[in-house]
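Please look over the structure below before reading on.

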Amino acid sequence: MSKPRTIIQKVWDNHVVAQQEGAPALLYIDLHLVHEVTSPQAFEGLRQRGLKVRQPSRTIATTDHSIPTTPRSLPIVDPIAATQVAKLESNCKEFGIPCFGFHSENQGIVHVMGPELGLTQPGMTVVCGDSHTATHGAFGALAFGIGTSQVEHVLATQCLLQQPSQSYEVRVDGVLKPGVTAKDIILALIARIGIGGGTASVFEYRGTAISSLSMEERMTVCNMSIEGGARAGLIAPDDTTYEYIHGRRFAPQGEAWDAAVARWRMLPTDEGAAYDKSIVIDANSLEPMITYGTNPGMGIAISQPVPTPDAGKDAIERDSIRKALDYMALEGGKPLLGHPVNVVFIGSCTNSRMSDLRQAAAILKGRKVSPSVRTMVVPGSQEVKRQAEAEGLHEVFRAAGAEWREAGCSMCIAMNGDQLAPGEYCVSTSNRNFEGRQGKGGRTFLASPLTAAASAIQGSIADVRSIL
Amino acid sequence: MIPFTTLTSRILPLPIDNIDTDQIIPARFLKTISKEGLDRNLFCDWRYHEDGSERADFILNQPEAQGAQILLAGDNFGCGSSREHAPWALTQFGFRAILSSSFADIFRGNALKNSLLPVVISEDVKQELFALRQKDAGVEVSIDLESQTLTLPDGRQVEFPVDPFSKYCLLNGVDELGYLVKHEAEIAAWEARQPWALNTLGA
Ligand code: SF4
């Protein structure tokens with residue numbers, strides 16, 4: 001019998017085109033997602049070298065990072081952003097790549113769009129010039145974020161040069177308590193291992209708490225693999241996965257569907273396969289999580305006090321905590337609960353799908369957001385927006401006093417004018433709390449949509465469990 | 001790609017762990033469609049006051065930092081987004097190498113593709129260099145890629161790891177796309193064997 005393999009190894013083995021001694025493997029890429037920010041220099045590179053896009057049929061583009069979330073009938077006011085968006089559309093036209101652009105009804109954050117169209121499928125290799133490509137791992141795909149040089153490589157050759165990764169088992173067993181979500185699982189993992197903890201690794205999330213998650217929740221978990229330092233993160237496909245994909249626009253149909261499912265069923269990790277590293281998380285004991293500092297590893301259970309710099313293991317880490325508390329204007333030892341906030345942002349490729357919006361709406365329904373808080377709800381895609389409106393969620397948000405906007409990255413990255421003012425505090429469902437990430441001088445608390453919605457109502461950091 | 005062989009330079013210290021790409025080059029400068037002009041905004045939010053004037057207390061603005069081609073940084077340098085704008089900004093500013101106890105994966109790969117050498121050193125060597133630099137802003141170190149050695153100011157040599165393929169590319173100024181394109185026949189053969197297809201153009 002052959003040696004038991006992890007799903008990570010299987011997907012890898014299935015895609016090695018060539019492997020020379022002392023060189024990285026040429027890995028074939030099944031799906032390449034492209035967006036406006038990290039692609040223009042890659043297309044320019046192709047032009048300079050006189051190269052074509054090898055497989056336009058495995059490539060698809062959308063625009064998400066720099067576009068406004070104001071009504072689509074309005075033009076893009078920022079001339080630099082407008083140029084970038086126009087450049088994507090003209091590059092796609094020139095190279096024959098399908099593009100769901102600014103006015104497309106399929107436009108969306110690239111990691112929301114791919115899965116909802118059925119483009120992301122189990123066992124695939126997926127890349128995008130964006131570090132949150134790991135999101136697609138929720139389907140049992142090996143999905144890497146890549147730089148612009150590599151975007152050019154994949155456009156030209158449909159291959160990526162890649163060194164093998166270590167396998168890192170993240171086992172989450174148990175049952176989540178009310179008020180605790182997929183976002184809290186991933187924030188808890190990153191708080192435990194630190195933001196460099198998964199360097200050179202691919203996470204495989206497994207265990208009973210993972211298999212009972214919906215596909216959207218699995219995407220939330222896999223999305224933040226990069227915040228744990230990993231190259232990718234994935235979850236073996238199961239019936240939940242197949243059910244989600246079935247019937248979507250780019251999913252296999254008819255006989256091809258049956259053949260695909262038969263192939264996908266071979267993917268899960270074999271009994272007895274060894275991992276390079278493992279960690280176990282007890283879902284039963286998790287609380288809602290929130291970050292207090294300036295990297296996603298600086299997270300605590302919401303009932304806990306903010307750590308003091310002495311919690312650092314060495315001088316540099318103590319200094320990092322001091323610097324973070326200074327930037328956040330927080331005091332070590334004090335609780336975060338009740339800390340005033342100025343803005344609540346519900347959106348981003350981490351938490352902008354239907355289930356996220358439904359959770360936020362369930363909290364906001366029949367309530368009002370605090371008059372001192374600006375609350376923004378930004379759906380992940382035009383499709384999510386349509387579906388949410390069909391369910392009347394937009395009415396719930398508006399009635400509560402929140403803004404209901406057009407799809408895009410928005411205040412996750414603050415490239416499009418949706419941004420914090422210096423010194424403002426924001427509870428955000430996005431994935432990064434680096435200094436200035438949501439606007440120069442802005443201060444971010446990362447949390448789940450439930451915590452975000454509860455905090456919007458209270459006007460300060462709130463424990464959603466108190467109002468469930 | 002410009003070849004990288006040896007480098008002797010003063011060092012610019014940033015003793016901060018987890019320096020992320022949003023600090024190296026904030027996202028608002030990524031709306032560009034070219035690679036140029038990013039150096040001006042390297043470490044922008046640490047480097048300038050609100051009114052655009054330089055912060056005298058930030059190391060990049062200090063006279064003894066000028067001309068340093070080696071950055072010495074805390075653990076997990078370059079974490080965060082995949083933006084290649086980060087190594088573009090660093091190289092345009094004049095950096096050719098970065099010393100740290102560890103690098104984030106995507107940043108390391110991006111740096112290597114831009115002839116910016118990430119040199120992994122031990123925690124002890126890192127602390128020693130921070131201390132030496134604090135005492136004397138003029139201290140220099142040398143990097144020799146061929147022998148994979150870093151020569152410290154007192155002449156001691158420490159080895160650092162580089163994968164053989166990246167080393168070959170850097171020493172010879174070869175870029176990876178050239179290598180990939182040479183595998184055309186194998187790529188075509190692999191595609192022919194694939195039992196299923198995806199068609200983003202259809203549906
Ligand atoms: S929502 Fe945020 S993290 Fe996700 S792709 Fe957009 S900018 Fe990146």
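## Chain B

This is a predicted model, so every value here is computed from predicted atoms. Chain B has 203 residues, and 56% of them count as buried. Its secondary structure consists of eight helices and seven strands. Along its principal axes, the C-alpha trace of chain B spans about 65 × 45 × 25 Å.

## The ligand site

Where is the ligand found? The ligand takes up the space of the largest cavity. Residues from two domains of chain A, domain 1 (7-162) and domain 3 (290-466), belong to the shell around the ligand, so the ligand lies between these domains.

Among the residues around the ligand are the histidines A:H65, A:H111 and A:H132. By type, the shell around the ligand divides into five nonpolar, five polar and two charged residues.

## The largest pocket

The largest pocket holds about 710 Å³ of space. It is lined by 34 residues, and those closest to its centre are A:S149, B:K35, B:W88, B:K113 and B:N114.

Which elements give two or more residues to this lining? From chain A they are α2 (40-49) and α5 (148-157); from chain B they are α3 (85-93), α6 (164-172) and α7 (176-181). The largest share, six residues, comes from α2(A). The lining of the largest pocket contains eleven nonpolar, 13 polar and ten charged residues.

## The second largest pocket

About 550 Å³ of space lies in the second largest pocket. Its lining has 26 residues, of which A:Q163, B:D105, B:R108, B:G109 and B:L112 are the closest to the centre.

Chain A supplies at least two residues of this lining from each of the strands β7 (142-145) and β8 (159-162). In chain B, α4 (105-112), β4 (117-120) and α6 each supply at least two as well. Which element gives the most to the lining of the second largest pocket? That element is α4(B), with six residues. The lining of the second largest pocket divides into 13 nonpolar, seven polar and six charged residues.

How values were computed. Residues are numbered from 1 along each chain as its sequence is written. Chains are lettered from A and ligands numbered from 1 in the order in which they are written. This is a predicted model: local features need pLDDT of at least 70, side-chain atom pairs count only at pLDDT 80 or more; totals for chains, interfaces and linings use all residues. Side-chain values use heavy atoms; hydrogens and water are left out. On a 1 Å grid over the protein atoms alone, a cavity is a set of points where a 1.4 Å probe fits but cannot get out, and a pocket is an open set with protein on both sides within 12 Å along at least five of seven lines; lining residues have an atom within 4 Å of a point. Grid points are joined across faces, edges and corners, and a volume is the space filled by probe spheres set on the points. Helices (H or I, at least four residues) and strands (E, at least two) are DSSP runs, numbered from the N terminus. Ala, Val, Leu, Ile, Met, Phe, Trp, Tyr, Cys and Pro count as nonpolar, Asp, Glu, Lys and Arg as charged, and the others, Gly among them, as polar. A residue is near a molecule or strand if one of its heavy atoms lies within 4 Å of it. A molecule sits in a cavity or pocket if more than half of its atoms lie within 2 Å of its grid points. Domain bounds come from an automatic or database domain assignment. Buried means under 20% relative accessible area, exposed over 50%, partly exposed in between (1.4 Å probe, protein chains only).
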